[in-house]
Amino acid sequence: MNKWKTAFWICLTFLIIATCSLMYAVYAVIDQSVTLMYLNDDYDRADADLETIIHIVNKTDMDKAEIEAELKTHPYFEYMDFATDTIELKRTVLIFENDTLKTMKNRW
């Protein structure tokens, strides 16, 4: 009878270890998928800003009024403040000096 008790406790221990390992594996897979989803979203925002900047550089002479006209189709146009010297895109900030594009910086 003593062998059965020992075998039961060994099996129970292995079952608990296997269950904990499986729960950790499931957590790791879910965590990785969420991380990749946010990373993909971040890449999409960077690509959208890059396309906008390429369009601005190719179509304008870097004048603030021309850039404002080009940004009318941008999804965040209604939130942009053209009265200041900075215009924020999704991830990029356009900085103007004397109504001419001076530099571009990362927003974060």
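**Notebook: side-chain contacts in a predicted model**

I began with phenylalanine 8, which counts as partly exposed because its relative accessibility is 46%. I note at the outset that this is a predicted model.

**Entry 1. Aromatic pairs**

I looked up how many aromatic pairs the structure holds, and the number is three. I then examined two of them.

I turned next to phenylalanine 77 and phenylalanine 82, whose ring centres are 5.5 Å apart. Because their planes meet at 45°, this pair is tilted. Phenylalanine 77 is partly exposed at 24% relative accessibility, whereas phenylalanine 82 is buried, with a relative accessible area of 15%. The cut-off for buried is under 20%.

**Entry 2. Charges over rings**

I searched for lysines placed over aromatic rings. The charged end of lysine 64 sits over the ring of phenylalanine 96, at 5.5 Å from the ring's centre. Over the face of tyrosine 76 I found lysine 90, 5.8 Å from the ring centre.

**Entry 3. Salt bridges**

Side chains of opposite charge can pair when their charged atoms come close. I found that the structure holds two salt bridges.

One joins arginine 45 to aspartate 41, with 3.7 Å between the closest N and O atoms. Both residues belong to helix 1, and they are four residues apart, about one turn of the helix. I noted arginine 45 as partly exposed at 31% relative accessibility, and aspartate 41 as partly exposed with a relative accessible area of 35%.

The other joins aspartate 42 to arginine 91, where the closest N and O atoms are 2.7 Å apart. This pair links distant parts of the chain, 49 residues apart. Aspartate 42 lies in helix 1, while arginine 91 lies in the loop between strand 1 (86–88) and strand 2 (92–97). I recorded aspartate 42 as partly exposed, its relative accessible area being 30%. Arginine 91 has 17% relative accessibility and so counts as buried.

**Entry 4. A nonpolar patch**

Which residues make the nonpolar surface patch of about 610 Å²? I listed Leu22, Val26, Ile30, Val34, Met37 and Tyr38. With a relative accessible area of 44%, valine 26 is partly exposed.

Conventions. Residues are numbered from 1 along each chain as its sequence is written. This is a predicted model: local features need pLDDT of at least 70, side-chain atom pairs count only at pLDDT 80 or more; totals for chains, interfaces and linings use all residues. Side-chain values use heavy atoms; hydrogens and water are left out. Patches are made of residues with over 30% relative accessible area and no salt bridge: like charges are joined within 9 Å, nonpolar side chains (Val, Leu, Ile, Met, Phe, Trp, Tyr) within 5 Å. Accessible areas come from the Shrake-Rupley method with a 1.4 Å probe; for residues, only the protein chains shown count as cover. A salt bridge is a side-chain nitrogen of Lys or Arg within 4 Å of a carboxyl oxygen of Asp or Glu. Buried means under 20% relative accessible area, exposed over 50%, partly exposed in between (1.4 Å probe, protein chains only). Rings of Phe, Tyr and Trp (its six-membered ring) pair if their centres lie within 6.5 Å; planes under 30 degrees apart count as stacked, over 60 as edge-to-face and the rest as tilted. A charge sits over a ring if NZ of Lys or CZ of Arg is within 6 Å of the ring centre and within 35 degrees of the ring normal. Helices (H or I, at least four residues) and strands (E, at least two) are DSSP runs, numbered from the N terminus.
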